[in-house]
Amino acid sequence: MVKPIMKDVFFLWQKSEPATKADLQVGSDWCEKESDHCKYGIRRCCDV
């Protein structure tokens with residue numbers, strides 16, 4: 001899913017809430033995508 005970039009300064013200044021077990025899949029997906037980027041020479045890698 002593609003979402004527009006959030007640019008609202010007041011929203012971005014809010015303190016984030018701690019991650020929960022429900023967020024684990026999102027982090028796992030992100031790390032998997034970053035690992036794929038490493039295979040293709042992109043320098044940003046996820047250390048899992």
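I counted rings of Phe, Tyr and Trp (its six-membered ring) as a pair if their centres lie within 6.5 Å, with planes under 30 degrees apart as stacked, over 60 as edge-to-face and the rest as tilted. Phe10 and Trp13 have ring centres 6.4 Å apart and planes at 75°, so I logged the pair as edge-to-face.

The model is predicted: local features need pLDDT of at least 70, side-chain atom pairs count only at pLDDT 80 or more, and totals for chains, interfaces and linings use all residues. Residues are numbered from 1 along each chain as its sequence is written, and side-chain values use heavy atoms, without hydrogens and water.

Phe10 is exposed at 65%, and Trp13 is exposed at 69%.

I then checked the nonpolar surface patch (residues with over 30% relative accessible area and no salt bridge, nonpolar side chains joined within 5 Å, like charges within 9 Å). A salt bridge here is a side-chain nitrogen of Lys or Arg within 4 Å of a carboxyl oxygen of Asp or Glu. Met6, Val9, Phe10, Phe11, Leu12 and Trp13 make a patch of about 720 Å².

For the whole protein, I noted an accessible surface of about 5,300 Å² (Shrake-Rupley, 1.4 Å probe), 60% of it belonging to carbon and sulfur atoms. Buried residues make up 6% of the 48 residues.

Methods: Buried means under 20% relative accessible area, exposed over 50%, partly exposed in between (1.4 Å probe, protein chains only).
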